[in-house]
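Have a look at the model first, then read on.

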Amino acid sequence: MVNFQEPYWLIFFYVIHALIVLIVSFLLRKRMDDDNKGTITWLAITSVFLPVIGELLGLAAWFAAKLAGTNHMIDEYDDYVNFTPLNLEYLRYEASSSMDLSPISDALLRNDGVNQKELIVSLINSDIANKGRHLNLGLTNNNSETVHYAATTMNVLSTRFEKELEHARNELDPEAPMSFERLCNVYERYLESGILDENGQERLEKQYEQLLEEAVPKLDKEPWMYRSLGDIYVRRYKTDEAERAYHEMTDQFPSHPGGYLKLIELYYARRDWKNIKPVLTDLFQYVKEEDIPENQRFIIQQMGGKAL
């Protein structure tokens with residue numbers, strides 16, 4: 001007579017049960033949607049380690065979750081953990097120092113042709129960054145006059161920047177560092193204007209990168225040179241080169257906050273938390289707190305765990 005209380009029968013039952021569970025779960029996963037495959041895997045693991053009880057408890061939990069709307073709760077939680085908070089501290093200081101609070105984009109989306117033309121023309125002599133974004137809104141406007149004004153303004157700005165570049169290049173003097181800074185300033189304003197198409201932007205980025213790589217080693221070093229070199233590398237998706245430029249900036253100018261802040265920005269974009277910590281440590285050690293830009297000071301203090 002077979003005695004089912006013998007240990008080898010329990011082991012035999014466990015092995016056979018596990019094989020059946022794995023085969024069934026494998027077949028079910030092939031037929032299931034991607035959203036439910038994880039649930040089947042969880043049920044299989046539970047059932048393997050808790051025969052019979054695992055199936056019952058797992059199925060009960062699954063049906064209860066469906067009735068309670070757990071999937072919706074998980075989606076909401078996923079949105080929560082992936083939410084990127086708005087840096088209100090930065091906006092507060094930006095708004096307090098900005099005289100340019102006119103909602104240009106909103107105005108260009110309305111049908112008031114007269115005001116639209118005035119706004120577009122005002123962009124020629126304004127200091128607003130990324131003028132191209134506003135002008136592109138004008139180019140897609142339903143009003144033909146607005147489109148004409150936007151296209152003309154785009155051409156005027158492009159011609160003006162090209163002439164500025166030519167003039168700055170002609171005045172470039174190796175013995176006068178300020179002339180190099182003026183040329184770099186024109187390049188950066190042109191790149192930030194947003195008025196170039198993709199090919200034009202790439203052409204200008206290559207020119208500027210080559211200029212910096214050739215000139216910086218020959219000139220007396222200034223913090224802004226390393227910042228500009230690192231920034232153009234970031235634009236060109238050369239993050240390793242950008243990292244080296246920012247590190248060189250911290251080595252050459254340890255009491256200047258710029259290099260540390262750029263490294264933190266770079267590492268944060270890459271979610272490289274391991275490298276952020278030593279940069280924060282060096283920043284707090286070598287840079288005076290009042291020298292950290294006010295619009296970034298609060299965030300940096302929070303990242304470093306410093307009390308306010």
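## The chain overall

Keep in mind that this is a predicted model. The chain has 16 helices and zero strands. It runs to 308 residues, of which 32% count as buried.

As for contacts along the sequence, take those between residues at least 6 apart: 49% of them join residues at least 24 apart.

## H8 against H9

Start with helix H8 (residues 131-139) and helix H9 (residues 144-170). Their axes come within 7 Å and cross at roughly 150°. Angles over 145 degrees count as roughly antiparallel, so that's the label for H8 and H9. The crossing itself is left-handed.

Who touches whom? On the H8 side you'll find Lys 131, Leu 135, Asn 136, Gly 138 and Leu 139, and they meet Thr 146, Val 147, Ala 150, Ala 151, Thr 153, Met 154 and Leu 157 of H9. Sorted by class, this contact has seven nonpolar, four polar and one charged residues.

## H9 against H10

H9 also packs against H10, with axes that come within 9 Å and cross at roughly 160°. That angle makes H9 and H10 roughly antiparallel, therefore, to each other. Here too the handedness is left.

From H9, the residues involved are Ser 158, Phe 161, Glu 162, Glu 164, Leu 165, Ala 168 and Arg 169; their partners in H10 are Leu 183, Val 186, Tyr 187, Arg 189, Tyr 190 and Ser 193.

## H12 and its cover

Helix H12 covers residues 223-235, and its length checks out: at 1.5 Å a residue, its 13 residues should span 18 Å, and the end C-alpha atoms are 19 Å apart, which agrees.

Which residues of H12 are buried? The list is Pro 223, Trp 224, Met 225, Tyr 226, Ser 228, Leu 229, Gly 230, Ile 232 and Tyr 233. As a reminder, an α-helix has 3.6 residues a turn, so residues three or four places apart point the same way. The cover over the buried residues of H12 includes helix H10 (177-193), helix H11 (198-215) and helix H13 (239-252).

One last thing to look for comes after H12: Tyr 237 has a positive phi, near 60°.

Key. Residues numbered from 1 in each chain as written. Predicted model: local features only at pLDDT ≥ 70, side-chain atom pairs only at ≥ 80, totals over all residues. Heavy atoms only, no water. Axes fitted to C-alpha atoms, helices over the stretch in contact; angles between N-to-C directions. Helix = DSSP H or I, 4+ residues; strand = E, 2+ residues; numbered from the N terminus. Parallel < 35°, antiparallel > 145°, perpendicular 65-115°, else oblique. Left-handed = near helix turned anticlockwise from the far one by under 90°. Contact = heavy atoms within 4.5 Å. Nonpolar A, V, L, I, M, F, W, Y, C, P; charged D, E, K, R; others polar. Expected span 1.5 Å × (residues − 1). Buried < 20%, exposed > 50% of the residue type's maximum accessible area, 1.4 Å probe, protein only.
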